[in-house]
Amino acid sequence: MSIATGVAEGPIAGRARHSRTSLYVYAFFFVSGIPALIYQLAWQRVLFRIFGLSMDSVTVIVTAFMLGLGVGSLAGSLLSVNRRVKPLLLVAAIELAVGAFGILSLPLFAHIDPMVQDMSLVQRTMMIIAVVFVPTALMGATLPILIGQLVNRSANVGYSAGSLYRVNALGGVAGCMFGALLLFPFLGLQASVITAVLLNGLVAAIAVTAHFSDRSDHAANAAPLIAAAQQMRLSPPAARALVLSSGFVSLSFEIYFLHLTSFVTATNAVIQAMELGVFLLGIASGAREAGEWAKSGKAQFPPALCRTILASGIAGLAVLPLLAAASFLDNGITGIIVLATFFVARSLGLVFPLVAHLSVPADGEAGHQAGLLYLANIIGAAAGSLLTGFVLCDLFGIRALALLLSALGVLIAAPLVWRFGEKPRSVLAIALTITVLLGLFQFPLTRNVIDSMLYKGKLAHSAPITQVVENRYGIVAASRDGEIFGGGAYDGRFNTDLLHDTNGIIRAYSLSLFHPAPREVFMIGLSSGSWAQAIAANPQVRHLTVVEINPGYLPLIQEQREVRSILHNPKITIITDDANRWLRRHPGTRYDAIVANATYHYRANAATLLSHEFNQMVAAHMKRGAIYLYNATDSARVERTGCDDFRHGYRIFNFMLVGNDSIAVDGARWQRNLLESRIDGRPVLDMARPGTRRQLAYDAAIAAAATAQSPNPASLPLESCASILRRDASYRPITDDNMGTEWRYLLGLD
């Protein structure tokens, strides 16, 4: 891209001469987008320790970024009109300051972590916003400063704003890809942040170079273009209202599409980062188109751009019907969400540079006025992130939320169509008709959308979904066959029957095989409630504490006769919280047994419950002789980490059973315990029931295998830690820094 300098030659189009300084500006603003997105992804990962494994962390970090950028743009707009300020040197100083914060960021988050654990959600959110405010405000100050710098050369607000908006968004795309495909999988969290710091230093160096190479004449002949723009100017209040509302809808759609992507991909970290990159790519594409129109010098606002913005609202309504009808695409169904994300982001990305061009004069105040406009855009974006992430996702399901956001998108575009479009009444009438029709048929057309997103290509051979609970934590669904799915992944089954063990419930009944008296038990994750029912049935268990972050499981359990009694069992306490956070807030509690039937090791943020650091925290909550039974989901790295962190242990089926004291295996005790166990007054094993003696014989074989500590993992469902450490010696243990397999699994690395 080129920026016009000197006297315009004909229309102010691409024939203008290149400015070396302008090219430097584009270069460092592109590069500055890379560390910004690395920081966002890294800090979001750290915030899961504070907010738990939910969309809350995503919402908070996006909101914090938006608010900081907005206030920073206000400061930048004021600095842009100060003639004593050297803008490029100021940008260099800003990047160095952001890098300095980046160096301190991870230790700072670790320091404030214990301080905020007992705060309410609102208080924690405000604290994190305050911490992230300084670096994000510094980032936000650069746009109005640079707009003012480039307008001095191009005399074109729309082209300057659109070009800068575009290159910075493309830098963000590069940051998403760089972080997700290279830094996080290979270097880990700390090294990724250090890389971002080095990139901040590179940006500063380019800015300093640009300053000392700046020898161009800034006095462009802007009169023709300014006159053309002034013929079409929007009033400042109207302009700010437009960009504020577009920012609201834009970030609301981002949260919404991340919500859909999380469910469709079973919360895959790499794909979620790529989804964010696609959103930024759409913003960049829209900004480019707006900038190209502004550069052309044409006075007539293109109606096609009005229709594009209008179509984005309608597109939001078409996504779910397409997902419902496209299960045959199998995993390719994610592509529909990606395309919708790009199209909606591209349409809304047109708004800011277009409105800037129509409302900001190309004079010495351009940076200041553009900064105020950007502030309005960011306030809308922050409000959209907060309101949608914390409120709307709780109040509405994905269908109703699509209706709401699409309607808002149409309302934003309507004033532009009415003011600048061709045949505005006809265009708006057609758009409203399509919107109403899609709205009326939204629910009938998307009746099986959850099934389609969940089963994809296996839809025709899968049991229909009969129960769905949607909230801001995600989507929980149960099938007619009793399977339960959380966040798009299999999460268990409603079953407590040992004789028809369809969900490995024998593992929940096995506590007394390994512990003589598991009186106090702590369980991470509720899911179907079957494990809680089985553990509470143990006559030796006096109390079971269950921590589950998503309250959406409770309504499903209430509808299942086999497990609904856990909701009223005096032996069971169910707490809605993140387990990691809850354990840190209760350092004095100790348990005889801790059980974690957690999710697959490769899902986003699963490593926070499988890492060396988490194992250390679990060990601190274990009584003498206590055991820790947790789901390894067939991961060699999870097994290796558990055996490294505890002195004794086994693999039992696909679980790890570990402890720091010798594990006393007693098969006779286990069988006596099973025969005494009761659920709702009924025996777990009824000797008069066919198959009971065969089950007891199988249990005896498992007990014998555990006692023998056989080193042969292929022959028995149990394997000793000594065997695991020999077998998995080449695997790296999981830490909070390397994040286990969640960034590596999709790349075929683990």
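In this predicted model, helix α10 covers residues 303-325. Its 23 residues, at 1.5 Å a residue, should span 33 Å. The C-alpha atoms at its ends are 32 Å apart, which agrees with that expectation. Helix α10 also bends, by about 30° at isoleucine 314. Of its 23 residues, 17 are buried, so the rest of the structure largely encloses the helix. An α-helix has 3.6 residues a turn, so residues three or four places apart point the same way.

Aromatic rings come next. Two values describe a pair of aromatic rings: the distance of the centres and the angle of the planes. The count of aromatic pairs comes to 17. One of them joins tyrosine 256 and phenylalanine 257. Their ring centres are 5.7 Å apart and their planes stand at 55°. Tyrosine 256 and phenylalanine 257 are both buried. Another tilted pair is formed by tyrosine 628 and phenylalanine 646, with 6.2 Å from centre to centre and 55° between the planes. Tyrosine 628 belongs to strand β9 (residues 622-631), whereas phenylalanine 646 sits in the loop between α22 (636-645) and β10 (648-652). The pair therefore ties together parts that are 18 residues apart in sequence. Tyrosine 628 has a relative accessibility of 0% and so counts as buried. Phenylalanine 646 is buried too, with a relative accessible area of 3%. Elsewhere, ring pairs link Tyr39, Trp43, Phe101 and Phe109 into a cluster.

The cysteines include a bonded pair. A disulfide is a covalent bond between the sulfur atoms of two cysteines. The structure holds one disulfide. Cysteine 643 and cysteine 721 form this link, with 2.1 Å from S to S. The angle about the S-S bond is -80°, and the link is left-handed. Cysteine 643 lies in helix α22 and cysteine 721 in helix α25 (residues 721-727). Cysteine 393 has 3% relative accessibility and counts as buried.

Eight strands make up an open sheet with mixed pairing. Their order is β7-β6-β5-β8-β9-β11-β10-β14. At the edges stand β7 (572-576) and β14 (718-720), each of which pairs on one side only. On average, neighbouring strands of this sheet are turned by 15° against each other, direction ignored. Within the sheet, β10 pairs with strand β11 (residues 655-659) in the antiparallel sense, over five bridges. Glycine 659 in β11 stands opposite histidine 648.

Two residues other than glycine have a positive phi value. Serine 527 has phi near 50°. Serine 527 is placed in the loop between β5 (520-524) and α18 (530-537). Its relative accessibility is 11%, so serine 527 counts as buried. For methionine 739, phi is near 60°. Methionine 739 is found in the segment after α25. At 0% relative accessibility, methionine 739 also counts as buried.

Key
Residues numbered from 1 in each chain as written. Predicted model: local features only at pLDDT ≥ 70, side-chain atom pairs only at ≥ 80, totals over all residues. Heavy atoms only, no water. Helix = DSSP H or I, 4+ residues; strand = E, 2+ residues; numbered from the N terminus. Expected span 1.5 Å × (residues − 1). Bend = angle between axes of the 7 residues up to and from the residue. Buried < 20%, exposed > 50% of the residue type's maximum accessible area, 1.4 Å probe, protein only. Phe/Tyr/Trp six-rings, centres within 6.5 Å; stacked < 30°, edge-to-face > 60°. Disulfide = S-S within 2.5 Å. Pairing = 2+ DSSP bridges. Axes fitted to C-alpha atoms, helices over the stretch in contact; angles between N-to-C directions.
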